[in-house]
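Hi,

Here is the structure I said I would pass on. Have a look at it first, and my notes follow below.

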Amino acid sequence: MSEHHAHEIRQATRKYIYVFLALLLGTVITVVAAYVPFGSRSLNVAVALLIASAKAFLVAGFFMHLISEKKLIYGLLGATGFFFAGLMFLIVWSNADQFLSIFR
Amino acid sequence: MDIPHTVEARPDTGLYNAKVGIWLFLASEVMLFGALFSSYILLRVGAEAWPHGLLSVPIGTFNTVVLITSSITVVLAWASLKLGDLSRFKLYQGCTVLLALTFVAVKSFEYRDKFTHYYVRLQDGTELNGHLAGNPLNWTAANLADTNRVGASITFHPDAAGGEGEGAHGGHAEPIELTAANVAKLESWGPWRSTYLAIYFTLTGLHALHVIGGALVIAYLWGPGSRMWRSDPERFTNRVEVCGLFWHFVDLVWIFLFPVLYLL
Amino acid sequence: MTATTHPGSTATAHAAGGHAPHAGPTGFLWKYVFSTDHKVIGIQYGLTALVFLLLGYGLMALMRWQLAYPGQPIPVFGELLLRALGPDMADRGIMTPDLYNSFGAMHGTIMVFLAVVPLAFGAFGNYVVPLQIGAPDMAFPKINMASYWCYFAGGVVMLVSFFIPGGAAKSGWTSYSPLATVADLAHRFDGQTFWLMGMVLLITSSLLGSVNFIATIIQLRAKGMGWLRLPFFVWAQFVTAFLLLLAFPPLEAAGIMQLMDNLLGTSFFLPTGLVVSGRPLDVSGGGSPLLWQHLFWFLGHPEVYVLILPAMGIVAEVLANNTRKPLFGYKSLVYSALAIGFLSFIVWAHHMYLTGMGTKISTFFQTTTMMISIPSVIILTALFISLWGGSIRFNTPMLFALAFLPMFGIGGLTGLPLGFSATDIQLHDTYYVIGHFHYVVAPGTIFALFAGIYYWFPKATGRMMNEYWGRVHFVLSFIFMNLVFLPMFVQGLEGMSRRRDDGGATYAAGEGVYGLSLALKLNVGISHAAWLLGVAQVPFMINLFWSLWRGPKVVSDNPWQATTLEWATPTPPPHGNFTHRPVVYRGPYDYSLPGSPTDYAPQNLPA
């Protein structure tokens with residue numbers, strides 16, 4: 001194993017630790033934010049999901065190395081994300097009358 | 001002829017077979033959990049009332065931290081292999097297995113808590129929630145009728161006032177005696193109790209199965225599977241990486257499950 | 001290698017690699033039962049699926065008796081049903097409504113999930129795809145074996161469900177909730193529970209299969225096999241694998257939820273205030289029956305393209321080979337297949353116009369439904385134009401492939417009125433729908449699968465199938481298929497419901513109801529045609545097994561003078577497939593190149 005390569009891995013390890021700390025911080029913020037009244041429950045939901053997405057980005061981006069992955073994987077996940085969004089959005093849309101009622 | 005690219009990456013894709021495979025598998029997992037999350041949304045917006053505070057936030061937070069920690073140990077284990085250090089790999093990966101077991105143990109404790117918490121409707125129409133004396137698991141009215149096992153009655157400790165949702169962890173009010181004659185319906189807070197509990201048990205149950213499956217594979221790679229390190233270190237490192245990708249995904253799902261089920 | 005006379009043989013001789021083929025596993029059990037070789041697994045899939053195809057046909061043939069002669073005991077088989085399933089199901093040999101319902105549900109389930117998809121995807125995909133891309137095997141051979149055995153276990157669970165108390169699932173292959181949950185409240189482990197457990201196994205099987213297919217096509221293409229040099233069949237399987245990979249998991253989720261509804265008493269799909277047999281159901285309620293339909297059709301519609309895309313792939317291969325000219329518009333075929341794959345994920349709710357989900361979303365799904373017909377028409381048109389100016393060889397595979405074109409055309413075009421919500425209100429749940437999708441799948445896909453069997457049989461066995469009996473099989477199948485399904489459009493337009501076990505007699509009770517008496521009379525004719533269709537398969541069955549041992553041996557590894565790589569292997573291909581790593585120099589359909597000594601140039605022939 002080359003010295004250069006070993007150096008890279010050690011750098012990456014340091015990065016992993018930072019990500020880990022950020023995730024712990026994110027967890028604390030999620031819990032605290034859930035008890036802060038933002039005015040409406042929808043807003044609380046939005047904040048919680050935003051924090052969860054940020055944490056998910058950290059896990060996927062750094063632990064799963066998606067930040068520097070091959071094009072093929074991006075393509076696959078892009079398509080999956082699209083169909084997932086379609087599934088969720090269209091199901092919700094077809095029940096739109098129910099969905100809108102929670103904002104009333 | 002051997003199958004190409006089991007270890008070395010294919011030049012035009014830059015990937016070895018198993019890595020393509022695991023990402024494809026994860027893509028389908030996204031759709032699986034995605035469908036369940038969609039169901040969650042639909043059930044929630046269609047519900048007359050959505051319960052809050054049924055689950056213990058400190059326990060959930062603890063489990064979140066456990067899973068996040070297991071994610072970092074997995075990635076550090078892989079990095080150790082990249083540095084050629086098998087013993088550190090074993091240390092980290094051993095931690096991962098222990099953390100996974102902790103997670104499952106905590107989760108089953110939470111499940112037990114639900115199956116020993118009861119809803120009862122008396123013959124006079126009174127509806128109560130609370131605990132049975134001795135905390136029996138998952139009883140129904142049929143158990144009350146079975147006098148051989150129970151005796152004539154069992155003491156029921158209702159939760160403190162505060163409604164179905166908030167009463168789960170409150171103090172106990174005046175106990176009453178339940179008999180087969182005065183009970184119309186008795187059921188624990190299992191998945192049948194409400195659509196919230198149904199989706200809670202489905203999502204966390206499926207997630208727990210993923211945790212157990214992942215832990216088994218990690219334990220295999222930690223134990224007998226690690227012999228491959230001597231014969232084919234590169235392939236072994238790949239296996240650890242692929243298995244790690246699955247583990248991070250399981251962690252990632254939990255990151256969404258925790259706020260969605262415990263907090264919102 | 002047997003006598004090799006095709007022009008590509010010189011190329012393989014000096015191609016890169018130079019490994020000798022692996023010695024395969026020895027012992028009957030490891031060689032033929034728990035094999036990891038993609039060819040053996042393909043044949044296992046194929047034979048199992050053919051058995052299920054026959055069984056699925058058999059269920060329908062019995063149902064057709066009830067439709068033609070309602071309330072009369074079934075000859076011969078009635079006695080058997082009585083003995084096997086008891087008087088609750090077949091009293092005095094008469095099919096009860098419960099039995100009719102469960103046969104209907106299981107006919108659909110078996111045909112779609114256990115027969116046609118495993119044959120099109122599992123069998124042909126497994127056998128042909130690695131050969132066509134020049135790979136020694138699938139990327140994950142053990143997972144491939146697991147995929148087959150999950151499928152097998154799923155099939156066994158489905159079969160066992162016929163014999164449990166209460167009988168097999170009886171809520172249609174779509175298993176709509178809450179009907180599916182409350183259909184048999186007397187039994188906790190009822191037919192529906194078995195159906196769901198079987199489906200979880202089948203879904204696992206296709207998941208493992210599709211991961212394997214995609215990884216194989218991406219990673220194991222031979223040197224020089226660029227994306228636009230892939231045979232169209234491989235493209236079709238590639239898109240199919242993606243559909244299975246991403247569309248099945250939501251059904252798995254739905255299946256788990258319905259299983260919880262059935263076994264644990266949850267209310268995912270059970271609405272508040274549900275009353276069954278005059279009594280309120282003792283459940284928490286609050287669930288959404290529409291949710292099941294959404295999740296089911298999110299798979300259900302892509303599944304239609306899972307059925308049709310491999311068939312199109314087979315037809316394209318056979319057409320190019322027997323017209324002796326390149327396919328017209330190869331690139332537009334490929335892009336159309338990709339477009340179909342993409343669009344098929346966002347059309348599903350056109351099965352749900354009658355649920356009252358709102359006009360705006362209906363309009364959205366109408367629009368996407370009309371859009372998806374465009375690439376389908378492009379493919380069909382390109383295949384038709386491919387015939388233009390070819391010197392066509394009318395052998396058995398070609399006859400089936402040619403018949404596919406108009407049959408699929410009828411199936412596709414009759415789908416358009418169903419895609420519009422206004423016309424669908426009239427046609428929904430009538431025999432018109434049955435006619436429509438059977439034209440796509442039965443004379444469409446199944447004809448293409450027959451074409452594939454006749455076409456690749458010499459590669460798999462080293463012997464040709466009998467040509468004369470192949471033609472007899474074709475002509476009879478073609479006639480009876482149309483006699484079965486064409487009258488159904490008439491019945492449907494007369495408003496005959498597809499669900500009634502009396503064949504619509506209740507609707508015709510009123511005197512002088514226009515047209516319905518005709519619709520009822522047609523039932524008798526359809527039934528006879530359906531039984532004769534079964535008789536028409538006898539020559540095929542005999543031909544298949546007779547040719548296996550007695551068919552004329554092939555004199556060449558490439559008896560059809562084809563261009564794609566599967567014909568560059570020894571016959572039948574050994575473990576590891578190729579004697580040398582093949583190298584690809586040209587596109588898949590280099591037929592009748594001007595100035596070439598032969599009228600075909602295999603992909604591994606240096607340019």
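Let me start with a helix pair in chain C: H5(C) passes H6(C) in a left-handed crossing (left-handed if the near helix is turned anticlockwise from the far one by less than a right angle, right-handed if clockwise). Helices here are DSSP runs of H or I with at least four residues, strands are E runs of at least two, and both are numbered from the N terminus. Before I go on, this is a predicted model, so to speak of local features we need pLDDT of at least 70, and side-chain atom pairs count only at pLDDT 80 or more, while totals for chains, interfaces and linings use all residues. Residues are numbered from 1 along each chain as its sequence is written, with chains lettered from A and ligands numbered from 1 in the order in which they are written.

Back to that pair: the axes of H5 (residues 97-133) and H6 (residues 141-160) of chain C come within 12 Å and cross at roughly 160°. The axes are lines fitted to C-alpha atoms, for helices over the stretch in contact, with angles from 0 to 180 degrees between N-to-C directions. That crossing angle makes H5(C) roughly antiparallel to H6(C) (over 145 degrees; under 35 is roughly parallel, 65 to 115 roughly perpendicular, the rest oblique).

Now chain B and its neighbours. Its contact with chain A takes 37 residues from chain B and 39 from chain A. H1(B) provides the largest share of the chain B side there, 12 residues. For chain C, the contact takes 32 residues from chain B and 39 from chain C. H1(B) again gives the most to the chain B side, with 15 residues.

There are also some strands in chain B. E1 (residues 117-122) and E2 (residues 127-132) pair in the antiparallel sense over five bridges (strands pair if DSSP finds at least two bridges between them). B:His117 has B:His131 of E2(B) as its bridge partner. The hairpin has four residues between the strands, and B:Gly125 in it takes a positive phi near 95°. E2(B) also pairs with E3 (residues 154-158) in the antiparallel sense, over three bridges, and B:Gly130 has B:Pro158 as its partner in E3(B).

Cheers

Notes:
Two residues are in contact if their C-beta atoms, placed from the backbone, lie within 7 Å.
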